[in-house]
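Student: I've got this model open and want to talk it through. Can we go step by step?

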Amino acid sequence: MLVEKLDQYFQREERTRPRDYFYVSEVGKCPRQIYYAIKGFPRPPLDGLTARKLAVGDEAHKRLAQALFGMGVVVAAEVPIPPGNLFHGRCDLIVSLDGKNYVVEVKTAHPYTFDQMASAPRRDHYLQLQLYLHYFGIPQGVILAENKATQELREFVVPLDKEEMGRVIRTFERLQRTIFVAGQLPPLPGQEEKRDWEFDQCRYCPYVPFCSEDVAEIPGHNEVDLAAAETAGPRTLFDDLT
Ligand code: SF4
């Protein structure tokens with residue numbers, strides 16, 4: 001009775017967002033999935049359960065950020081990457097501790113994922129933080145993870161990894177040429193791309209029907225609306241499935 005109504009209440013359509021840049025949250029994602037998202041291919045609506053999970057994650061971010069503000073260590077929040085770069089994105093926080101600045105990325109994790117992060121952060125979280133360190137010129141950062149079920153906290157202090165960032169930037173420059181210059185659908189991901197995958201992305205992919213047929217154009221559309229993309233946010237359906 002109420003559950004069904006609440007599921008419908010929370011369910012929402014995901015806007016299609018054609019654009020000409022990458023989001024930080026796309027590092028570690030399947031290049032074909034990135035292509036389909038960039039070109040604004042249609043995707044299924046966000047179901048009520050996933051929407052509520054995302055809302056729980058948002059609340060945890062706010063709660064932890066408020067606490068850090070209360071402690072007086074926050075230098076800046078929601079800081080965007082300078083315009084004109086390959087990536088768009090906003091880091092959660094920059095804090096100052098003992099005279100050093102740290103970029104802080106707050107992540108919420110399913111208990112299973114949280115357990116897997118006992119000794120190291122998730123690779124995609126690590127790479128996202130590395131991008132912020134690279135673009136802000138800050139040599140260190142923190143991944144602050146909260147267990148969604150127990151609110152247990154875990155942190156990973158990491159230095160800027162210039163070698164890894166060089167590899168990531170080169171990979172996305174190639175992808176930029178493939179998608180934005182040549183306008184081509186990237187080839188099916190190989191072992192190199194899958195090295196950065198945290199899980200089998202094909203299993204949760206909303207673009208399987210297009211991908212399996214190598215579809216490179218939105219059926220019935222040849223033009224993309226880049227102006228509409230400027231008002232769209234970075235969240236995608238599968239960003240927070242942790
Ligand atoms: S089905 Fe797999 S390979 Fe194809 S776009 Fe989705 S994640 Fe990528």
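Student: How many bridges join strand β6 to β7?

Tutor: Keep in mind that this is a predicted model. Strand β6 covers residues 140-147, and β6 and β7 run antiparallel. One spot to look at is Leu144, which stands opposite Glu155 in β7. The number of bridges joining β6 to β7 is seven.

Student: Which are the edge strands of the sheet?

Tutor: Start with the layout: it's an open sheet of five strands with mixed pairing, in the order β2-β4-β5-β6-β7. An edge strand here pairs on one side only. That picks out β2 (74-80) and β7 (153-159).

Student: At what angle does helix α5 run to β5?

Tutor: Find residues 123-136, which form α5. The helix lies across β4, β5, β6 and β7. Relative to β5, α5 runs at about 155°.

Student: Why is the protein said to be as compact as a globular protein of its length?

Tutor: The protein has nine helices and seven strands. For 242 residues the globule rule gives 18 Å, and the protein comes out close to that, so it is as compact as a globular protein of that length, with a radius of gyration of 18 Å.

Methods. Residues numbered from 1 in each chain as written. Predicted model: local features only at pLDDT ≥ 70, side-chain atom pairs only at ≥ 80, totals over all residues. Pairing = 2+ DSSP bridges. Helix = DSSP H or I, 4+ residues; strand = E, 2+ residues; numbered from the N terminus. Contact = placed C-beta atoms within 7 Å. Axes fitted to C-alpha atoms, helices over the stretch in contact; angles between N-to-C directions. Rg over C-alpha atoms; globule rule 2.2 N^0.38 Å.
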